[in-house]
Protein chains: 2
Amino acid sequence: MTAPSPAVPAAPAAADVLDRCRSLVRPALAEAVGRLHPWVGEMASYALGWCEVGGAPVAAPGGKGVRQALAVLGAEAAGAPGRAGVAAAVAVELVHTFSLLHDDIMDGDATRRRRPAVWKAYGTGPAVLAGDALFALAVETLAAAPGGAAGVRLLSAALADLVRGQADDLLFAARPYLGPDRVRPEAYRALAVHKTGSLLGCAAALGAVLGGAPAATADALDRAGRHLGVAFQIVDDVLGLWGDPAVTGKPVHADLRERKKTFPVLAALDSPGPAARRLAALLESAGDPAEAAALIEAAGGRTAALAEARRQVAAVRAALAAVPMAAPAAAELEAVLDYLVGRDL
Amino acid sequence: MTAPSPAVPAAPAAADVLDRCRSLVRPALAEAVGRLHPWVGEMASYALGWCEVGGAPVAAPGGKGVRQALAVLGAEAAGAPGRAGVAAAVAVELVHTFSLLHDDIMDGDATRRRRPAVWKAYGTGPAVLAGDALFALAVETLAAAPGGAAGVRLLSAALADLVRGQADDLLFAARPYLGPDRVRPEAYRALAVHKTGSLLGCAAALGAVLGGAPAATADALDRAGRHLGVAFQIVDDVLGLWGDPAVTGKPVHADLRERKKTFPVLAALDSPGPAARRLAALLESAGDPAEAAALIEAAGGRTAALAEARRQVAAVRAALAAVPMAAPAAAELEAVLDYLVGRDL
């Protein structure tokens with residue numbers, strides 16, 4: 001008999017990683033939500049996808065739980081057991097739910113995950129209150145955790161970024177497509193860092209901090225999450241313009257109809273040549289979205305967006321490679337990264 | 001010549017105490033608001049009464065700043081200089097402003113301090129965002145302060161109470177005046193503690209904690225603030241029914257028209273005898289408010305409310321007397337107490 005050759009571990013599947021982390025976090029998340037006023041708690045459970053209006057439980061899960069997974073993996077990357085990151089996971093999931101809930105009010109979005117948004121289901125006033133409750137619960141949960149003081153500082157910085165990003169998002173919609181007041185790709189990147197990257201980075205860094213990681217590891221995870229947010233947002237923009245609506249789950253060209261200043265649009269408008277000017281005229285007059293999508297591609301918007309997304313993913317990998325991390329967590333972080341931005345980017 | 005007899009210090013005037021504390025806190029509060037996104041910062045400044053829509057400064061001050069004063073006096077009660085309580089003062093003033101702002105959205109109140117409410121002036125979505133920004137800024141400010149970790153725990157408990165109180169306030173409006181589902185005076189007291197008392201208590205306790213007070217002092221100040229909140233709320237109810245609108249600044253009987261379950265109403269409905277039943281019928285049919293006010297008085301609602309307010313004020317004084325406090329701060333706390341609930345209660 002010969003000794004077996006050392007097994008090469010298979011790459012972990014992102015769905016398994018997300019499932020494992022959700023299972024680990026769910027009891028603490030449910031316990032926190034259970035401390036809320038019963039009426040507010042029902043709205044929170046609805047927003048999390050756990051129940052229908054009236055409180056009847058639903059079998060279908062809510063979101064994928066990317067942020068809670070990053071918090072758990074952040075703790076594991078620091079060599080701690082995943083449960084060390086659970087308070088961080090609960091806090092970031094509550095903050096994420098809060099921000100979706102209030103953003104839907106501000107943006108007038110009536111649907112979230114194929115169900116009526118909370119403000120549509122319960123009314124605007126109660127939805128404002130439910131968001132406030134989730135926000136307060138996040139801070140309370142983190143403040144009560146061992147090592148939570150540093151965590152609250154990280155979380156409150158991410159919250160400030162979220163507000164800043166949402167403010168710019170509301171203001172960008174009113175800006176013109178051309179001229180000195182137009183939104184430049186750099187401003188888009190800052191917006192994406194604030195709206196998406198800051199909480200992704202905060203999730204992983206918070207988990208690491210509660211897991212006892214040195215500051216350099218937490219900083220690297222925070223940086224990785226910020227780049228990941230930009231990459232994710234740009235990939236989302238590309239899918240919104242040229243993706244399959246059956247896969248993306250949102251109507252094709254919805255972003256164009258809502259006059260969203262997405263990266264491919266901004267990059268196309270920033271390009272020299274006639275396509276950019278024709279595109280601007282078409283967008284200003286709210287012309288045919290299919291024609292706009294073709295012009296964006298002709299002006300190099302798609303190519304520029306994918307190149308920028310690749311640069312951001314490279315920056316994620318560089319940040320992760322810069323610090324030592326426990327091997328299983330590093331592989332699982334990589335799996336979540338691939339899941340979020342696509343394996344073939 | 002005879003030696004002058006020792007001067008008995010004059011009781012400090014509440015207006016002077018509030019002015020002094022506002023002057024001490026204002027630079028730090030302005031600095032914090034200045035860190036916000038400019039557009040959000042303008043809404044925050046408007047909500048604080050510092051500017052008009054568009055940003056033009058106003059000379060008239062905003063609120064009296066009772067909560068910020070309690071934070072400063074809490075630090076001074078602990079023997080620390082008032083500036084030790086400034087971060088606490090900034091945090092509670094931001095939280096108070098946040099809660100007024102979001103409550104006006106939920107309650108549909110179009111006017112605040114004789115100006116359009118923020119949601120009327122800037123729109124509902126932006127007002128939601130401005131409230132979120134104030135909330136995040138409060139947590140950020142406190143988390144960054146020396147000793148802020150314990151402070152964040154206190155503040156997040158008060159925030160949870162605020163949400164709970166606002167939830168009950170929204171639900172109480174729909175409850176009947178009579179029968180097993182009616183709101184009882186005990187439920188009113190709990191509501192008043194949550195909506196008003198918790199932040200008043202938190203303000204003084206936070207200041208004390210940042211001023212290095214022992215836990216017993218912070219607890220006593222917290223307890224005093226909670227009773228103060230109930231007393232203040234009941235006095236406000238009594239003034240709303242029988243006060244001079246020129247002094248209270250709100251239209252007479254507005255609470256009755258909004259079907260508010262105020263303490264005098266609940267106490268009257270809880271009394272035995274025919275006046276309670278006639279009152280309930282009148283309120284259910286939204287009859288003449290002046291007649292309702294007379295029935296509330298006849299059923300003992302006014303007497304019961306003033307007696308309850310006196311009991312709450314006695315509880316404030318008992319809490320304050322239970323722990324040693326630096327003398328000037330104790331006298332100034334007493335002045336603020338008299339200012340809030342009336343010297344002759």
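User: Where is the place of Arg113(A) in chain A?

Analyst: Keep in mind that we're looking at a predicted model. Arg113(A) sits in the loop that links β1 (111-112) to β2 (115-116) of chain A.

User: And what is the phi of Arg113(A)?

Analyst: Arg113(A) isn't a glycine, yet its phi is positive, about 50°. Arg259(B) is another non-glycine residue with a positive phi, about 60° in its case. Its place is the loop between α11 (254-257) and α12 (263-270) of chain B.

User: How many C-beta neighbours does Arg259(B) have inside 10 Å?

Analyst: Here you count neighbours: 20 or more means buried, 12 or fewer means exposed, and anything in between is partly exposed. Arg259(B) has 15, so it falls in the partly exposed class. Arg113(A) is partly exposed as well, since 13 other C-beta atoms lie within 10 Å.

User: Zooming out, how many helices and strands does chain A have?

Analyst: Chain A has 16 helices and two strands. Along the principal axes, the C-alpha trace spans about 65 × 60 × 40 Å. Of the 345 residues, 54% count as buried.

User: Which residues touch the most other members of the largest nonpolar core?

Analyst: The general idea is that nonpolar side chains in soluble globular proteins tend to be buried together. In this model the largest nonpolar core holds 250 residues, and Leu206(A) and Leu206(B) touch the most other members. Leaving out residues up to four places away in sequence, the partners of Leu206(A) include Ala71(A), Ala88(A), Val92(A), Leu154(A) and Leu155(A).

User: How many residues do chain A and chain B give to their contact?

Analyst: Each side gives 32 residues. On chain A, the elements giving two or more are α2 (38-47), α4 (86-107), α6 (124-144) and α7 (148-172). By type, the chain A side divides into 22 nonpolar, six polar and four charged residues.

User: What rotation superposes chain A on chain B?

Analyst: A rotation of 180°, with 0.0 Å of shift along its axis, does it at an RMSD of 0.0 Å. The two copies are therefore related as by a two-fold rotation axis. Both use the same surface, as 100% of chain A's contact residues recur in chain B. Within chain A, Ala149(A) comes closest to the rotation axis, with its C-alpha at 2.6 Å.

How values were computed:
Residues numbered from 1 in each chain as written. Chains lettered and ligands numbered in written order. Predicted model: local features only at pLDDT ≥ 70, side-chain atom pairs only at ≥ 80, totals over all residues. Helix = DSSP H or I, 4+ residues; strand = E, 2+ residues; numbered from the N terminus. Contact = placed C-beta atoms within 7 Å. Nonpolar A, V, L, I, M, F, W, Y, C, P; charged D, E, K, R; others polar. Least-squares fit on C-alpha atoms with pLDDT ≥ 70 in both. Core = buried A, V, L, I, M, F, W, Y, C linked by C-beta atoms within 7 Å.
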